[in-house]
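Dear colleague,

I am passing on the structure below, together with some notes on what turned up when it was examined. Please read the notes with the structure open beside them.

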Amino acid sequence: MNILRISCSPRGQEAESHRLSQRIVEGLFERSPNARLMDRMIGQDPVAHIDADIALAQHQGDAGRSGHASLLRSEALIREVEAADILVIATPMHNAGVPSVLKAWIDHVVRSGRTFTVGPEGKTGSLRDRPVLVAVSSGGRYSGERARQPDFLTPYLTAILGMVGLRDLHFFSVQGTGLGEQVVALARIQAEHGIRAYFSSLPERHPVPGALA
Ligand SMILES: Cc1cc2nc3c(=O)[nH]c(=O)nc-3n(C[C@H](O)[C@H](O)[C@H](O)COP(=O)(O)O)c2cc1C
């Protein structure tokens, strides 16, 4: 089983979102001890923003551009996703949405004619569905009765990954990292419960839906 983790915080391994994703990864290894983990720390080693070649390829197709550096980069990132049985995305909330590094990664991976096609019915994803486990950290709360801010992160990731065929999304979060130690401690416990509930909901015989050990 191949796990691809995309870690989006500039704080790298010290990040709350990365720490939360680590608990998820540990859960995956408990089920599949022979799993392989590929870490992409885009928060500290960002993917470049898209350039004219990718922008033109979106309009006019890839023909004649396939050797260009940015398309090769896009292709490499897409192949990493295709090679993964499970995606783990560790991300902070930035300004009510995803950090710009994650948006840049998405701009490379969500590509017309490659990971989705456009037809009379709209856009159809080309990627095989597989679990995408999203670990979010936020300074304030964005869900529940005490949320005081909008959440564009959850619906955005759900829509954009769904567009390329990734629909099996599960969100875990530590919310309120700016609200004091007690809030963080409680949020971590709640996140842990969420992770345990996810793993105990999976059938015993299959490590993770759609994935081979
Ligand atoms: C540029 C920036 C924008 C942020 N915007 C929000 C926000 O809109 N809502 C929120 O709750 N926290 C916001 N935060 C706080 C982070 O989400 C919070 O510190 C989070 O715990 C960081 O997670 P990390 O340790 O994984 O990087 C923002 C932080 C930064 C640096």
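In helix α5, which spans residues 153-163, the buried residues are L153, L157, I160, L161, G162 and M163; please bear in mind, here and throughout, that this is a predicted model. An α-helix has 3.6 residues a turn, so residues three or four places apart point the same way. In α5, L153, L157 and L161 are buried, and the cover over the buried residues of this helix includes the strands β3 (86-92), β4 (116-119), β5 (122-125), β6 and β7, as well as the helix α4 (100-109). Just after α5, G165 takes a positive phi of about 110°.

The ligand has 16 residues around it, and of these S9, R11, S17, S137 and T177 come nearest. The side chain of T177 places an N or O atom 2.6 Å from an oxygen atom of the ligand, while a polar side-chain atom of Q149 lies 2.8 Å from a ligand oxygen.

Turning to the open spaces, the largest pocket holds about 320 Å³ of space. Its lining is made up of 16 residues, of which R141, R146, Q175, A187 and Q190 are the closest to the centre of the pocket. Both β7 (169-175) and α6 (181-200) supply at least two residues of this lining, and the largest share, seven residues, comes from α6. Sorted by class, the lining of the largest pocket has six nonpolar, seven polar and three charged residues.

The second largest pocket holds about 150 Å³ of space. Among the 13 residues that line this second pocket, S9, R11, P92, H94 and S137 are the closest to its centre, and the elements that give two or more residues to the lining are α1 (16-31) and β6 (132-138). By class, this lining has four nonpolar, seven polar and two charged residues.

With best regards

Technical notes:
Residues numbered from 1 in each chain as written. Predicted model: local features only at pLDDT ≥ 70, side-chain atom pairs only at ≥ 80, totals over all residues. Heavy atoms only, no water. 1 Å grid on protein atoms, 1.4 Å probe; cavity = no way out; pocket = protein on both sides within 12 Å on 5 of 7 lines; lining within 4 Å. Points joined across faces, edges and corners; volume = space filled by probe spheres on them. Helix = DSSP H or I, 4+ residues; strand = E, 2+ residues; numbered from the N terminus. Nonpolar A, V, L, I, M, F, W, Y, C, P; charged D, E, K, R; others polar. Buried < 20%, exposed > 50% of the residue type's maximum accessible area, 1.4 Å probe, protein only. Contact = heavy atoms within 4.5 Å. Near = heavy atom within 4 Å. Polar contact = N/O pair within 3.5 Å; in protein donor to acceptor, adjacent residues only side chain to side chain.
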